[in-house]
Every structure is written in structure tokens, then in C-alpha cells.
Amino acid sequence: MSISKELLSEMYRKMLRIRKFEKTASVFFAEGKIPGFVHLYIGEEAIAVGACANLRDDDFITSTHRGHGHIVAKGGNLKYMMAELFGKETGYCKGKGGSMHIADAELGILGANGIVGAGHLIATGSAWSAQYRGTDQVSICFFGDASTNQSTFHEAMNLASLWKLPVIFVCENNLYGISVSQARHQNIKDISQRAIGYGMPALSADGNDVLTVYEQVGEAVSRARAGEGPTLLEFKTYRQHGHFEGDPGAYRPKEEVEAWLQKDPLPRFESHLLGSGILTEEELEAVRSEVDEEIREALEFADASPYPTPESSVQDIYSDLIEEARIR
């Protein structure tokens with residue numbers, strides 16, 4: 001597998017951007033400046049970045065309640081994201097969506113979603129739209145292990161397989177559905193086994209290796225663009241924080257947490273870049289400094305932005321979908 005230095009550098013930048021954005025969100029949530037719930041993507045960065053590196057701006061993704069990483073990886077604006085977390089009117093959803101409901105139709109980001117399993121059918125619908133319009137656009141549906149117990153998952157898999165829709169189902173298996181381990185809510189070892197019943201190609205792989213994710217999703221995207229239908233990809237990973245900020249995580253053994261911290265995807269990728277001579281320590285440090293500045297600017301933007309007015313609570317509720325929908 002040959003990947004240009006430019007792409008590898010950009011993948012590192014995006015992984016670091018996600019990590020620093022999430023670390024910042026953790027701090028300000030603890031200070032009470034971010035309302036509602038916050039679910040962080042720390043530890044899973046390789047999946048979003050490796051997957052989205054195969055996409056164009058006009059391709060689609062659907063996300064989850066743990067969606068910051070997907071949005072950043074697809075090219076989301078950090079200032080608008082930070083403002084949305086802070087509940088400011090300059091945010092992606094004018095401060096009304098918060099941490100779990102960020103979208104950017106211009107980038108094909110069809111929305112993070114607080115409803116477990118909601119993205120399965122949205123991604124399948126956008127894939128059908130591409131097929132109907134005769135484009136080679138693809139959709140990636142990001143979701144967690146526990147959502148594969150939802151009827152939406154099975155409905156989407158069945159229809160996508162039957163109609164050979166250009167959708168890639170990317171399961172981010174972080175081993176827990178909130179506080180319940182996969183072993184306690186499923187009688188299978190690999191979620192990829194669920195594709196058998198739908199005649200769909202599938203595999204399970206290391207979700208903490210960004211290059212593995214990039215390669216496997218790339219093959220699935222190529223199949224989808226060629227009209228060969230959907231793929232189920234299960235990437236095994238681990239969230240380093242609790243299910244939500246404030247979750248003490250007592251249900252996870254300390255030995256397990258420590259073992260997975262040794263597999264952290266960010267230092268792992270840094271070691272690869274340095275060991276292969278792709279980037280120098282000076283080049284990595286330059287990226288770190290640039291990302292720090294991006295986060296600082298996003299914080300300043302969010303902090304200086306106004307809150308929505310009470311009157312705006314009844315705005316943006318209805319939309320004329322025929323007139324306003326932008327279908328590429």
C-alpha cells in the first residue's frame with residue numbers, strides 16, 4: 001500500500017485535531033461551560049480519519065452521539081463545532097443541537113444523532129439517492145456495537161444488500177454498549193458475522209491502526225463506487241474516557257483499560273511516521289503547534305459568540321424540503 005507523504009501528514013493532523021478538540025471539550029465541560037451531555041471520541045480517532053480519508057466532499061456520512069471525530073475527519077469547521085458545544089448561535093446548528101447533533105450538509109455530514117441506530121437508515125437512504133441519481137457518491141455509516149441489536153441496523157443491511165446500494169457500514173466496536181460489555185449483549189465474537197445473513201462482504205480488523213482502516217475502507221469504497229454494493233466493516237477499538245463525561249467507568253477492569261491505553265492510535269501512528277522516516281520530530285512538532293493554534297482560535301470564536309435569543313427558539317423548526325434541500 002503506497003500512501004503519499006502529504007496524505008499521511010494530513011491523516012496525522014486530523015487525528016491530532018480530534019484528540020486536542022476532545023481534550024479541550026473535556027476541560028470546559030468539567031468547568032460547566034458546555035451544557036448537556038458530552039461523549040468523547042478519544043481513543044477511536046484512527047477509525048474516523050482512516051475511513052474519511054477515502055471520501056470526497058460530496059460523499060455522505062452519518063454519525064452518532066459520539067460524533068465529533070467523524071465531523072472533524074470529514075472536514076468540519078472547528079470554530080462552528082466549538083460554538084455549537086458552547087450553545088452559541090454561531091454554531092453549526094445555531095446552538096440548538098449541542099454536542100450530539102452537529103451536521104453540515106455542504107460537506108455531506110448528514111448529522112450526528114442522539115438516537116441509537118438512527119444513522120443506519122439515513123445512510124442507506126443517501127446511498128439510494130446516489131444510486132437513483134446515477135452518481136458514484138458513497139455513504140459511510142458510523143455506529144457502535146450495541147446499535148447492531150437495533151432493528152434499524154438489520155433493516156438497513158437487508159435493503160442495502162438487496163439493492164446493492166453504495167453504503168459502507170463501519171462499526172466502531174469499543175466493546176461496551178454504555179456500561180454493558182459486548183459479551184453480555186451478543187452471542188457472537190465478531191459483529192462482522194452478522195453480514196452473513198445478508199450476503200454482504202464483511203471483516204473485522206484493528207481499529208487503532210489508521211493505515212489498516214484506510215486500506216479496508218478504501219477497498220469497500222471502490223466496490224461501492226463500482227456498483228458492487230455495500231460492505232460491513234467492524235473495527236475494534238476502545239474509548240479512553242467513560243461513555244459520557246462524568247461516567248466513572250467502574251464497570252471496566254483497570255487491567256483492561258491499561259492494556260488498551262498501550263494501543264493508543266495516536267502515539268502508534270506517530271511511531272510509524274518517525275520510524276519509517278516519513279516525518280521528522282520537527283515536522284510532527286510543527287503540526288502540533290498549528291493544531292494548538294486552531295483549537296485556541298476555535299475557543300476564542302466560541303467564547304466571543306452570542307447565545308441564541310429566546311425568540312429564536314421557534315425558528316428553524318420547519319423547512320420546505322423541496323425548495324431548500326441540496327442534493328448533489
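This is a predicted model: local features need pLDDT of at least 70, side-chain atom pairs count only at pLDDT 80 or more; totals for chains, interfaces and linings use all residues.

Residues are numbered from 1 along each chain as its sequence is written, and side-chain values use heavy atoms, with hydrogens and water left out.

**Exercise 1.** Work out what span H5 should have, and compare it with the distance between its end C-alpha atoms.

*Solution.* Helices here are DSSP runs (H or I, at least four residues), strands are E runs of at least two, and both are numbered from the N terminus. With 16 residues, H5 should span 22 Å. Its end C-alpha atoms sit 23 Å apart, which agrees.

**Exercise 2.** Find what covers the buried residues of H5.

*Solution.* First, the cut-offs: buried is under 20% relative accessible area, exposed is over 50%, and partly exposed is in between (1.4 Å probe, protein chains only). Buried residues of H5 include Ala118, Gly119, His120 and Ala123. Next, look for contacts, meaning heavy atoms within 4.5 Å. The cover includes strands E1 (60–62), E2 (139–144) and E3 (167–173), along with H6.

**Exercise 3.** Decide which way the side chains of E3 point, and how E3 pairs with E2.

*Solution.* Val167, Phe169, Cys171 and Asn173 point one way, Ile168, Val170 and Glu172 the other, and all are buried. That's 7 of the 7 residues, so E3 is largely enclosed by the rest of the structure. For pairing, DSSP must find at least two bridges between strands; E2 and E3 have 6 and run parallel. Gly144 stands opposite Glu172.

**Exercise 4.** Is Leu162 buried or exposed?

*Solution.* Locate Leu162 in helix H6. Its relative accessibility is 62%, so Leu162 counts as exposed.

**Exercise 5.** Which residues does Arg56 contact, beyond its neighbours within four places in sequence?

*Solution.* Go to the loop between H2 (45–52) and E1, where Arg56 is found. Arg56 is partly exposed, at 32% relative accessible area. The contacts are Lys74, Asp136, Gln137 and Arg225.

Notes: The expected span of a helix is 1.5 Å times one less than its number of residues.
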